[in-house]
Amino acid sequence: KVLLGRIRRPGEPPLEQGWIPYFGKAFEFHRDSLGFLLSRQQKWGDVFTVYIAGKYMTFILNPFLYQFVVQCNKQLDFQGFSLEVSAKVFGHPYLNDPKIPVNIEEMQKRYSYLMGEELNILNGRTMKNLQSVMKQEQLGPTECRTESMYSFCCRIIIEATYLTLYGKVPEDEQEEITELKKKFIQFDKMFPYLVARIPIELLGNTKVIRKELTSYFTSRRLDQRLNLANVIKERKNFLETYSYLQDHQRAAHHFAFLWAALGNTVPAAFWALYYLVKNPEAHAAVRDEIQHVFQAAGQRANPDFNISLTREHLDSMVILGSAIKESFRLCSASMNIRTVQEDFTLKLKEEQSVKLRKGDWVVLYPQILHLDPEVYENPEVYKYNRFVENGLEKTAFYKRGRKLRYYLMPFGSGSSMCPGRHFAVSEIKMFLAIMLATFDLEIIEGEKPVGLNNDRAGLGILLPNSDVQFRYKWHQ
Ligand code: HEM
(Lines give C-alpha, C1' and ligand atoms only; values in the text may rest on other atoms or scores of the structure.)
Protein backbone atom coordinates (compact mmCIF):
# COMPACT_ATOMS: atom_id res chain seq x y z
CA LYS A 1 0.00 0.00 0.00
CA VAL A 2 1.90 3.11 -1.17
CA LEU A 3 -0.16 6.24 -0.86
CA LEU A 4 2.76 8.55 -0.23
CA GLY A 5 5.38 9.72 -2.64
CA ARG A 6 8.35 7.39 -2.44
CA ILE A 7 9.01 4.11 -4.21
CA ARG A 8 11.83 2.08 -2.70
CA ARG A 9 14.81 1.73 -5.03
CA PRO A 10 17.10 -1.30 -5.19
CA GLY A 11 19.76 -1.20 -2.48
CA GLU A 12 17.73 1.10 -0.21
CA PRO A 13 16.63 -0.12 3.24
CA PRO A 14 13.12 -1.55 3.73
CA LEU A 15 10.68 1.37 3.76
CA GLU A 16 7.56 2.02 5.79
CA GLN A 17 5.70 5.23 5.15
CA GLY A 18 2.14 4.83 6.42
CA TRP A 19 -0.81 6.44 4.69
CA ILE A 20 -1.39 9.72 6.54
CA PRO A 21 -0.06 12.57 4.41
CA TYR A 22 2.88 14.41 5.98
CA PHE A 23 2.60 12.60 9.34
CA GLY A 24 3.28 9.10 8.01
CA LYS A 25 4.11 7.00 11.07
CA ALA A 26 4.47 10.01 13.41
CA PHE A 27 1.62 9.14 15.76
CA GLU A 28 2.69 5.54 16.28
CA PHE A 29 6.30 6.63 16.77
CA HIS A 30 5.48 9.35 19.26
CA ARG A 31 3.05 7.16 21.22
CA ASP A 32 5.76 4.60 22.04
CA SER A 33 9.02 5.11 20.14
CA LEU A 34 10.82 2.21 21.75
CA GLY A 35 7.97 -0.27 21.19
CA PHE A 36 7.52 0.96 17.62
CA LEU A 37 11.20 0.54 16.75
CA LEU A 38 11.46 -2.87 18.40
CA SER A 39 8.46 -4.15 16.46
CA ARG A 40 9.92 -2.81 13.18
CA GLN A 41 13.29 -4.35 14.01
CA GLN A 42 11.52 -7.72 14.32
CA LYS A 43 9.88 -7.19 10.96
CA TRP A 44 12.62 -5.53 8.90
CA GLY A 45 15.91 -6.24 10.67
CA ASP A 46 18.44 -3.73 11.99
CA VAL A 47 18.28 -1.15 9.19
CA PHE A 48 15.03 0.33 7.83
CA THR A 49 13.52 3.64 6.80
CA VAL A 50 10.35 5.13 8.26
CA TYR A 51 8.50 8.26 7.12
CA ILE A 52 7.78 10.42 10.18
CA ALA A 53 6.43 13.96 10.11
CA GLY A 54 7.80 14.96 6.73
CA LYS A 55 11.15 13.16 7.11
CA TYR A 56 12.47 9.87 5.88
CA MET A 57 14.48 8.45 8.77
CA THR A 58 16.78 5.47 8.31
CA PHE A 59 17.23 3.78 11.69
CA ILE A 60 20.39 1.78 12.33
CA LEU A 61 19.76 -0.36 15.37
CA ASN A 62 22.68 -2.77 15.42
CA PRO A 63 25.33 -1.28 17.76
CA PHE A 64 28.13 -2.93 15.76
CA LEU A 65 27.10 -0.71 12.83
CA TYR A 66 27.16 2.57 14.82
CA GLN A 67 30.80 3.18 14.05
CA PHE A 68 30.14 3.32 10.30
CA VAL A 69 27.71 6.17 10.86
CA VAL A 70 29.86 7.98 13.42
CA GLN A 71 32.93 7.88 11.16
CA CYS A 72 31.10 9.12 8.11
CA ASN A 73 31.42 12.84 8.73
CA LYS A 74 31.60 13.90 5.11
CA GLN A 75 28.28 12.65 3.79
CA LEU A 76 26.46 12.61 7.14
CA ASP A 77 26.14 16.03 8.73
CA PHE A 78 25.39 16.27 12.45
CA GLN A 79 24.94 20.03 12.70
CA GLY A 80 22.12 21.06 10.39
CA PHE A 81 19.39 19.45 12.43
CA SER A 82 20.52 20.60 15.89
CA LEU A 83 21.21 24.15 14.70
CA GLU A 84 17.74 24.39 13.27
CA VAL A 85 16.11 22.98 16.40
CA SER A 86 18.11 25.24 18.69
CA ALA A 87 17.14 28.35 16.70
CA LYS A 88 13.45 27.37 16.82
CA VAL A 89 13.36 26.43 20.49
CA PHE A 90 15.42 29.27 21.94
CA GLY A 91 14.56 32.00 19.44
CA HIS A 92 18.11 32.87 18.31
CA PRO A 93 19.05 33.32 14.65
CA TYR A 94 20.01 30.22 12.71
CA LEU A 95 23.81 30.05 12.94
CA ASN A 96 24.12 29.17 9.26
CA ASP A 97 21.92 32.08 8.17
CA PRO A 98 23.89 33.57 5.25
CA LYS A 99 22.70 37.08 6.16
CA ILE A 100 24.06 36.93 9.72
CA PRO A 101 26.37 33.91 9.84
CA VAL A 102 28.26 32.88 12.97
CA ASN A 103 31.38 30.74 12.71
CA ILE A 104 30.20 27.53 14.35
CA GLU A 105 33.63 25.93 14.63
CA GLU A 106 34.97 28.99 16.43
CA MET A 107 31.97 28.97 18.75
CA GLN A 108 32.47 25.29 19.53
CA LYS A 109 36.14 25.84 20.31
CA ARG A 110 34.89 27.64 23.43
CA TYR A 111 33.59 24.30 24.72
CA SER A 112 37.17 23.46 25.63
CA TYR A 113 36.46 25.64 28.69
CA LEU A 114 34.30 22.76 29.96
CA MET A 115 37.21 20.32 30.02
CA GLY A 116 40.76 19.70 31.28
CA GLU A 117 42.16 22.23 33.76
CA GLU A 118 39.10 24.43 33.25
CA LEU A 119 36.88 21.60 34.48
CA ASN A 120 38.77 21.62 37.79
CA ILE A 121 37.92 25.29 38.21
CA LEU A 122 34.29 24.66 37.34
CA ASN A 123 34.15 21.72 39.75
CA GLY A 124 35.47 23.90 42.56
CA ARG A 125 32.79 26.50 41.88
CA THR A 126 30.08 23.85 41.63
CA MET A 127 31.07 22.26 44.94
CA LYS A 128 30.84 25.63 46.72
CA ASN A 129 27.58 26.62 45.05
CA LEU A 130 25.83 23.29 45.65
CA GLN A 131 26.66 23.63 49.32
CA SER A 132 25.71 27.29 49.64
CA VAL A 133 22.35 26.52 48.02
CA MET A 134 21.78 23.53 50.33
CA LYS A 135 22.72 25.64 53.33
CA GLN A 136 19.97 28.09 52.39
CA GLU A 137 17.48 25.29 53.06
CA GLN A 138 18.22 25.88 56.78
CA LEU A 139 17.41 22.42 58.00
CA GLY A 140 17.17 22.48 61.81
CA PRO A 141 19.57 20.21 63.80
CA THR A 142 16.86 17.72 64.76
CA GLU A 143 14.41 18.51 62.01
CA CYS A 144 13.11 15.84 59.66
CA ARG A 145 11.86 17.44 56.46
CA THR A 146 9.58 15.97 53.82
CA GLU A 147 9.94 17.17 50.21
CA SER A 148 9.05 16.28 46.66
CA MET A 149 12.27 14.85 45.25
CA TYR A 150 12.09 16.15 41.68
CA SER A 151 11.22 19.68 42.86
CA PHE A 152 14.08 19.50 45.33
CA CYS A 153 16.58 18.47 42.61
CA CYS A 154 15.30 21.25 40.32
CA ARG A 155 15.69 23.86 43.05
CA ILE A 156 19.21 22.90 44.07
CA ILE A 157 20.70 22.05 40.65
CA ILE A 158 19.24 25.01 38.74
CA GLU A 159 20.45 27.57 41.26
CA ALA A 160 23.88 26.01 41.83
CA THR A 161 24.52 25.63 38.08
CA TYR A 162 23.37 29.16 37.33
CA LEU A 163 25.71 30.57 39.98
CA THR A 164 28.57 28.38 38.77
CA LEU A 165 28.24 29.50 35.17
CA TYR A 166 27.05 33.08 35.51
CA GLY A 167 28.54 34.13 38.86
CA LYS A 168 26.94 36.64 41.22
CA VAL A 169 25.88 40.27 41.42
CA PRO A 170 27.04 42.39 44.38
CA GLU A 171 23.50 42.80 45.78
CA ASP A 172 21.07 40.13 46.95
CA GLU A 173 19.36 38.52 43.94
CA GLN A 174 17.43 35.71 45.58
CA GLU A 175 14.14 36.97 44.19
CA GLU A 176 15.44 37.03 40.60
CA ILE A 177 16.89 33.55 41.01
CA THR A 178 13.62 32.21 42.40
CA GLU A 179 11.83 33.70 39.38
CA LEU A 180 14.45 32.23 37.03
CA LYS A 181 13.91 28.76 38.49
CA LYS A 182 10.13 29.03 38.22
CA LYS A 183 10.26 30.23 34.62
CA PHE A 184 12.91 27.72 33.62
CA ILE A 185 10.71 24.85 34.84
CA GLN A 186 7.70 26.27 32.98
CA PHE A 187 9.71 26.65 29.77
CA ASP A 188 11.29 23.22 30.15
CA LYS A 189 7.82 21.59 30.21
CA MET A 190 7.20 23.02 26.74
CA PHE A 191 10.57 21.88 25.36
CA PRO A 192 9.29 18.73 23.55
CA TYR A 193 6.47 20.69 21.91
CA LEU A 194 8.88 23.33 20.66
CA VAL A 195 11.18 20.65 19.26
CA ALA A 196 8.13 19.12 17.55
CA ARG A 197 7.75 22.53 15.83
CA ILE A 198 4.45 23.42 17.48
CA PRO A 199 4.33 27.22 16.98
CA ILE A 200 5.26 28.93 20.24
CA GLU A 201 2.17 31.14 19.92
CA LEU A 202 0.02 28.04 20.51
CA LEU A 203 1.81 27.16 23.75
CA GLY A 204 0.13 29.55 26.22
CA ASN A 205 2.49 32.15 27.60
CA THR A 206 5.68 30.27 26.63
CA LYS A 207 6.82 33.08 24.33
CA VAL A 208 6.62 35.61 27.17
CA ILE A 209 8.43 33.24 29.54
CA ARG A 210 11.18 32.68 26.97
CA LYS A 211 11.58 36.44 26.54
CA GLU A 212 11.80 36.91 30.30
CA LEU A 213 14.37 34.13 30.62
CA THR A 214 16.39 35.55 27.73
CA SER A 215 16.43 38.96 29.41
CA TYR A 216 18.66 37.49 32.18
CA PHE A 217 21.45 37.36 29.61
CA THR A 218 21.46 40.80 27.99
CA SER A 219 24.93 42.35 27.87
CA ARG A 220 23.90 44.94 30.48
CA ARG A 221 22.94 42.21 32.94
CA LEU A 222 25.90 39.97 32.16
CA ASP A 223 28.26 42.94 32.59
CA GLN A 224 26.90 43.45 36.12
CA ARG A 225 27.86 39.93 37.15
CA LEU A 226 31.09 39.60 39.05
CA ASN A 227 32.59 36.29 38.16
CA LEU A 228 31.27 34.71 34.98
CA ALA A 229 32.76 31.25 34.39
CA ASN A 230 35.44 31.28 31.68
CA VAL A 231 33.24 29.27 29.30
CA ILE A 232 30.57 31.98 29.48
CA LYS A 233 33.06 34.84 29.35
CA GLU A 234 34.62 33.39 26.21
CA ARG A 235 31.24 32.75 24.62
CA LYS A 236 30.15 36.28 25.44
CA ASN A 237 33.32 37.84 23.97
CA PHE A 238 32.98 35.69 20.89
CA LEU A 239 29.33 36.59 20.27
CA GLU A 240 30.13 40.28 20.79
CA THR A 241 32.54 40.19 17.84
CA TYR A 242 29.45 39.86 15.60
CA SER A 243 28.19 43.42 15.57
CA TYR A 244 25.28 42.46 13.33
CA LEU A 245 23.78 40.29 16.07
CA GLN A 246 21.37 42.23 18.24
CA ASP A 247 21.71 42.10 21.99
CA HIS A 248 18.56 40.01 22.48
CA GLN A 249 19.84 37.53 19.86
CA ARG A 250 23.11 37.06 21.74
CA ALA A 251 21.12 36.73 24.95
CA ALA A 252 19.07 33.94 23.35
CA HIS A 253 22.31 32.06 22.63
CA HIS A 254 23.25 32.34 26.30
CA PHE A 255 19.84 31.08 27.32
CA ALA A 256 20.24 28.10 24.95
CA PHE A 257 23.50 27.28 26.72
CA LEU A 258 21.87 27.46 30.14
CA TRP A 259 19.19 25.06 28.94
CA ALA A 260 21.85 22.68 27.57
CA ALA A 261 23.55 22.78 30.97
CA LEU A 262 20.34 22.02 32.89
CA GLY A 263 17.75 20.33 30.68
CA ASN A 264 19.30 16.89 31.04
CA THR A 265 21.35 17.34 34.20
CA VAL A 266 18.34 17.98 36.43
CA PRO A 267 16.43 14.79 35.52
CA ALA A 268 19.70 12.81 35.49
CA ALA A 269 20.48 13.95 39.04
CA PHE A 270 16.94 13.10 40.08
CA TRP A 271 17.06 9.55 38.69
CA ALA A 272 20.47 8.87 40.20
CA LEU A 273 19.27 10.04 43.63
CA TYR A 274 15.90 8.32 43.37
CA TYR A 275 17.32 4.90 42.51
CA LEU A 276 19.91 5.13 45.27
CA VAL A 277 17.46 6.15 47.96
CA LYS A 278 15.00 3.49 46.81
CA ASN A 279 17.55 0.65 46.89
CA PRO A 280 18.91 0.10 50.41
CA GLU A 281 21.85 -2.08 49.26
CA ALA A 282 22.94 0.46 46.65
CA HIS A 283 22.43 3.32 49.10
CA ALA A 284 24.61 1.66 51.74
CA ALA A 285 27.38 0.69 49.31
CA VAL A 286 27.61 4.14 47.72
CA ARG A 287 27.46 5.91 51.04
CA ASP A 288 30.21 3.69 52.34
CA GLU A 289 32.40 4.56 49.37
CA ILE A 290 31.72 8.29 49.78
CA GLN A 291 32.58 8.13 53.47
CA HIS A 292 35.87 6.36 52.71
CA VAL A 293 36.83 9.00 50.16
CA PHE A 294 35.86 11.79 52.57
CA GLN A 295 37.98 10.23 55.28
CA ALA A 296 40.99 9.89 52.98
CA ALA A 297 40.51 13.48 51.84
CA GLY A 298 40.19 14.76 55.41
CA GLN A 299 36.64 16.00 54.76
CA ARG A 300 33.62 15.82 57.03
CA ALA A 301 30.02 16.52 56.19
CA ASN A 302 28.73 19.14 58.64
CA PRO A 303 26.18 21.97 58.86
CA ASP A 304 28.80 24.51 57.75
CA PHE A 305 28.85 22.86 54.34
CA ASN A 306 32.53 23.30 53.66
CA ILE A 307 33.43 20.04 51.93
CA SER A 308 36.03 20.28 49.23
CA LEU A 309 36.87 17.46 46.81
CA THR A 310 39.37 17.28 43.95
CA ARG A 311 38.82 15.69 40.57
CA GLU A 312 40.89 12.69 41.76
CA HIS A 313 38.53 12.23 44.72
CA LEU A 314 35.54 12.31 42.38
CA ASP A 315 37.20 9.91 39.95
CA SER A 316 37.93 7.49 42.77
CA MET A 317 34.20 7.11 43.54
CA VAL A 318 33.79 4.17 41.16
CA ILE A 319 30.64 2.70 42.71
CA LEU A 320 28.94 6.09 42.68
CA GLY A 321 30.05 6.50 39.05
CA SER A 322 28.52 3.12 38.23
CA ALA A 323 25.23 4.01 39.94
CA ILE A 324 25.04 7.20 37.85
CA LYS A 325 25.77 5.27 34.65
CA GLU A 326 23.11 2.73 35.55
CA SER A 327 20.52 5.48 35.90
CA PHE A 328 21.65 6.91 32.52
CA ARG A 329 21.18 3.44 31.05
CA LEU A 330 17.63 3.20 32.32
CA CYS A 331 16.46 6.76 31.69
CA SER A 332 18.27 8.23 28.70
CA ALA A 333 16.56 8.17 25.33
CA SER A 334 18.45 10.48 23.02
CA MET A 335 18.45 10.00 19.25
CA ASN A 336 21.66 10.65 17.33
CA ILE A 337 20.61 12.28 14.09
CA ARG A 338 22.70 12.85 10.95
CA THR A 339 21.46 14.47 7.74
CA VAL A 340 22.45 12.84 4.43
CA GLN A 341 24.34 15.46 2.36
CA GLU A 342 24.21 13.70 -1.01
CA ASP A 343 22.86 10.49 -2.50
CA PHE A 344 25.44 7.86 -1.54
CA THR A 345 26.02 4.28 -0.42
CA LEU A 346 26.80 3.83 3.26
CA LYS A 347 29.07 0.85 3.76
CA LEU A 348 28.08 -0.92 6.94
CA LYS A 349 30.09 -4.13 6.95
CA GLU A 350 32.22 -6.02 4.51
CA GLU A 351 29.20 -7.42 2.76
CA GLN A 352 26.48 -4.94 3.75
CA SER A 353 25.73 -1.46 2.48
CA VAL A 354 22.65 0.72 2.03
CA LYS A 355 21.81 3.43 -0.45
CA LEU A 356 20.72 6.69 1.13
CA ARG A 357 19.08 9.78 -0.38
CA LYS A 358 20.08 13.39 0.09
CA GLY A 359 18.04 15.17 2.77
CA ASP A 360 17.03 11.98 4.64
CA TRP A 361 18.11 11.39 8.22
CA VAL A 362 20.22 8.55 9.57
CA VAL A 363 19.24 7.87 13.16
CA LEU A 364 20.88 5.91 15.98
CA TYR A 365 18.56 5.11 18.89
CA PRO A 366 20.80 3.94 21.77
CA GLN A 367 17.91 3.29 24.18
CA ILE A 368 17.46 -0.03 22.34
CA LEU A 369 21.09 -0.90 23.07
CA HIS A 370 20.73 0.21 26.72
CA LEU A 371 17.83 -2.18 27.20
CA ASP A 372 19.18 -5.06 25.13
CA PRO A 373 19.09 -8.31 27.18
CA GLU A 374 21.98 -9.66 25.08
CA VAL A 375 24.16 -6.82 26.40
CA TYR A 376 22.75 -6.19 29.86
CA GLU A 377 21.37 -9.12 31.82
CA ASN A 378 17.87 -8.35 33.14
CA PRO A 379 18.01 -4.91 31.54
CA GLU A 380 14.86 -3.68 33.28
CA VAL A 381 16.47 -4.15 36.72
CA TYR A 382 18.45 -1.37 38.41
CA LYS A 383 21.84 -2.80 39.33
CA TYR A 384 23.95 -0.07 40.90
CA ASN A 385 27.28 -1.91 40.41
CA ARG A 386 26.73 -3.00 36.81
CA PHE A 387 29.58 -0.76 35.67
CA VAL A 388 32.17 -1.92 38.22
CA GLU A 389 34.60 -4.80 37.79
CA ASN A 390 37.37 -5.67 40.25
CA GLY A 391 37.06 -2.29 41.91
CA LEU A 392 37.49 -0.41 38.63
CA GLU A 393 35.12 1.02 36.03
CA LYS A 394 33.80 -1.75 33.81
CA THR A 395 34.08 -0.95 30.12
CA ALA A 396 33.85 -4.39 28.51
CA PHE A 397 30.33 -5.28 27.39
CA TYR A 398 29.51 -7.95 24.85
CA LYS A 399 26.76 -8.92 22.45
CA ARG A 400 26.78 -12.40 20.94
CA GLY A 401 30.32 -12.88 22.20
CA ARG A 402 31.69 -9.74 20.50
CA LYS A 403 32.97 -6.79 22.49
CA LEU A 404 31.02 -3.59 21.94
CA ARG A 405 32.70 -0.30 21.17
CA TYR A 406 29.49 1.56 22.01
CA TYR A 407 27.55 0.32 25.01
CA LEU A 408 26.32 3.47 26.83
CA MET A 409 25.49 6.63 24.93
CA PRO A 410 23.58 9.22 26.97
CA PHE A 411 25.77 11.99 25.56
CA GLY A 412 25.52 11.29 21.84
CA SER A 413 28.35 10.08 19.65
CA GLY A 414 31.36 11.11 17.60
CA SER A 415 31.82 14.73 16.67
CA SER A 416 28.41 15.77 18.00
CA MET A 417 29.05 14.39 21.47
CA CYS A 418 27.95 16.58 24.38
CA PRO A 419 30.82 18.92 25.32
CA GLY A 420 29.45 19.25 28.86
CA ARG A 421 29.53 15.51 29.64
CA HIS A 422 32.45 15.57 32.11
CA PHE A 423 31.08 18.61 33.85
CA ALA A 424 27.61 17.01 34.07
CA VAL A 425 28.92 13.78 35.60
CA SER A 426 31.10 15.68 38.09
CA GLU A 427 28.20 17.87 39.12
CA ILE A 428 25.89 14.89 39.65
CA LYS A 429 28.63 13.10 41.60
CA MET A 430 29.17 16.11 43.85
CA PHE A 431 25.45 16.54 44.40
CA LEU A 432 25.01 12.90 45.40
CA ALA A 433 28.17 12.81 47.51
CA ILE A 434 26.99 15.80 49.54
CA MET A 435 23.42 14.48 49.84
CA LEU A 436 24.38 10.96 50.91
CA ALA A 437 27.17 12.00 53.27
CA THR A 438 25.22 14.82 54.92
CA PHE A 439 21.70 13.48 55.25
CA ASP A 440 19.76 10.37 56.12
CA LEU A 441 17.39 9.96 53.22
CA GLU A 442 14.31 7.81 52.72
CA ILE A 443 11.35 7.60 50.40
CA ILE A 444 8.09 8.05 52.28
CA GLU A 445 6.38 4.72 52.83
CA GLY A 446 3.52 3.99 50.47
CA GLU A 447 4.75 6.31 47.68
CA LYS A 448 4.01 4.96 44.21
CA PRO A 449 7.10 3.91 42.21
CA VAL A 450 8.07 6.60 39.73
CA GLY A 451 7.95 5.72 36.05
CA LEU A 452 9.31 7.34 32.90
CA ASN A 453 7.41 10.07 31.11
CA ASN A 454 8.00 9.43 27.42
CA ASP A 455 7.31 12.97 26.19
CA ARG A 456 11.03 13.45 25.64
CA ALA A 457 11.66 10.16 23.91
CA GLY A 458 14.51 10.81 21.49
CA LEU A 459 15.49 14.10 23.12
CA GLY A 460 17.66 13.17 26.09
CA ILE A 461 17.07 12.13 29.69
CA LEU A 462 13.42 11.27 30.27
CA LEU A 463 11.51 13.08 32.99
CA PRO A 464 9.71 11.22 35.80
CA ASN A 465 5.97 10.71 35.28
CA SER A 466 5.24 11.83 38.86
CA ASP A 467 7.10 13.33 41.77
CA VAL A 468 7.87 11.35 44.92
CA GLN A 469 7.97 12.39 48.55
CA PHE A 470 11.17 11.77 50.49
CA ARG A 471 12.36 12.60 53.98
CA TYR A 472 15.75 13.92 55.01
CA LYS A 473 17.49 14.82 58.24
CA TRP A 474 21.09 15.36 59.32
CA HIS A 475 23.09 12.18 59.37
CA GLN A 476 24.06 11.45 62.99
C1 HEM B 1 23.34 14.46 32.14
C2 HEM B 1 23.53 15.60 31.55
C3 HEM B 1 23.66 15.80 30.06
C4 HEM B 1 23.28 14.98 29.03
C5 HEM B 1 22.62 13.61 29.11
C6 HEM B 1 23.60 15.67 27.80
C7 HEM B 1 23.39 15.15 26.54
C8 HEM B 1 23.63 15.84 25.36
C9 HEM B 1 23.36 15.33 24.04
C10 HEM B 1 22.74 13.95 23.75
C11 HEM B 1 23.73 16.27 23.17
C12 HEM B 1 23.57 16.21 21.65
C13 HEM B 1 24.65 15.43 21.04
C14 HEM B 1 24.31 15.11 19.60
O15 HEM B 1 23.81 15.97 18.87
O16 HEM B 1 24.56 13.97 19.21
C17 HEM B 1 24.24 17.40 23.91
C18 HEM B 1 24.69 18.57 23.35
C19 HEM B 1 25.18 19.64 24.08
N20 HEM B 1 25.37 19.68 25.44
FE21 HEM B 1 24.90 18.25 26.75
N22 HEM B 1 24.18 16.87 28.11
C23 HEM B 1 24.24 17.00 29.47
C24 HEM B 1 24.78 18.03 30.19
C25 HEM B 1 25.37 19.15 29.65
C26 HEM B 1 26.01 20.20 30.40
C27 HEM B 1 26.16 20.23 31.92
C28 HEM B 1 26.43 21.15 29.49
C29 HEM B 1 27.15 22.44 29.70
C30 HEM B 1 27.56 22.96 30.81
C31 HEM B 1 26.04 20.67 28.18
C32 HEM B 1 26.28 21.36 27.00
C33 HEM B 1 25.91 20.91 25.75
C34 HEM B 1 26.07 21.70 24.55
C35 HEM B 1 26.61 23.13 24.47
C36 HEM B 1 25.61 20.91 23.49
C37 HEM B 1 25.53 21.28 22.01
C38 HEM B 1 26.85 21.00 21.36
C39 HEM B 1 26.93 21.50 19.93
O40 HEM B 1 27.04 22.70 19.73
O41 HEM B 1 26.88 20.65 19.04
N42 HEM B 1 25.42 19.46 28.31
N43 HEM B 1 24.18 17.10 25.25
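Helices here are DSSP runs of H or I with at least four residues, strands are E runs of at least two, and both are numbered from the N terminus.

**Ground rules.** I'm working with a predicted model, where local features need pLDDT of at least 70, side-chain atom pairs count only at pLDDT 80 or more, and totals for chains, interfaces and linings use all residues. Residues are numbered from 1 along each chain as its sequence is written.

Next I looked up burial. I call a residue buried if 20 or more other C-beta atoms (placed from the backbone) lie within 10 Å of its own, exposed if 12 or fewer, and partly exposed in between. Which residues of α14 are buried? They are Ala 282, Val 286, Arg 287, Glu 289, Ile 290 and Val 293. Looking down the axis of α14, I see these buried residues within an arc of 160 degrees (taken from the directions from the axis to the C-beta atoms), so they line one face of the helix. A handy reminder: an α-helix has 3.6 residues a turn, so residues three or four places apart point the same way.

On the other side of α14 I noted exposed residues, including Pro 280, Asp 288 and Gln 295. I count a contact when two C-beta atoms, placed from the backbone, lie within 7 Å. The buried residues of α14 pack against α13, α15, α16 and α18. Just after α14, Gly 298 has a positive phi of about 70 degrees.

**Leu 314.** I then went to helix α15, where Leu 314 sits. Leu 314 is partly exposed because it has 19 C-beta neighbours inside 10 Å. Skipping neighbours within four places in sequence, I found Leu 314 in contact with Leu 309, Ser 426, Lys 429 and Met 430.

**Around the ligand.** How many residues surround the ligand? I get 25, and the closest are Ala 261, Asn 264, Gly 412, Cys 418 and Gly 420. Near means that the C-beta atom, placed from the backbone, lies within 6 Å of the molecule. Helix α12 (247–262) gives the most to this shell, with 3 residues. By class, I find 14 nonpolar, 11 polar and no charged residues in the shell. Nonpolar covers Ala, Val, Leu, Ile, Met, Phe, Trp, Tyr, Cys and Pro; charged covers Asp, Glu, Lys and Arg; the others, Gly among them, are polar.

UniProt lists a "binding site" at Cys 418, in an unreviewed entry. Such annotations may be inferred rather than shown by experiment; names are shortened and positions follow the numbering used here. I located Cys 418 in the loop between β14 and α18. Cys 418 is partly exposed, with 18 other C-beta atoms within 10 Å. Not counting residues up to four places away in sequence, Cys 418 touches Phe 411 and Gly 412.

Most residues other than glycine have a negative phi. Gln 138 has a positive one, near 50 degrees. Gln 138 lies in the loop between α6 and β5, and is exposed, with 9 other C-beta atoms within 10 Å.
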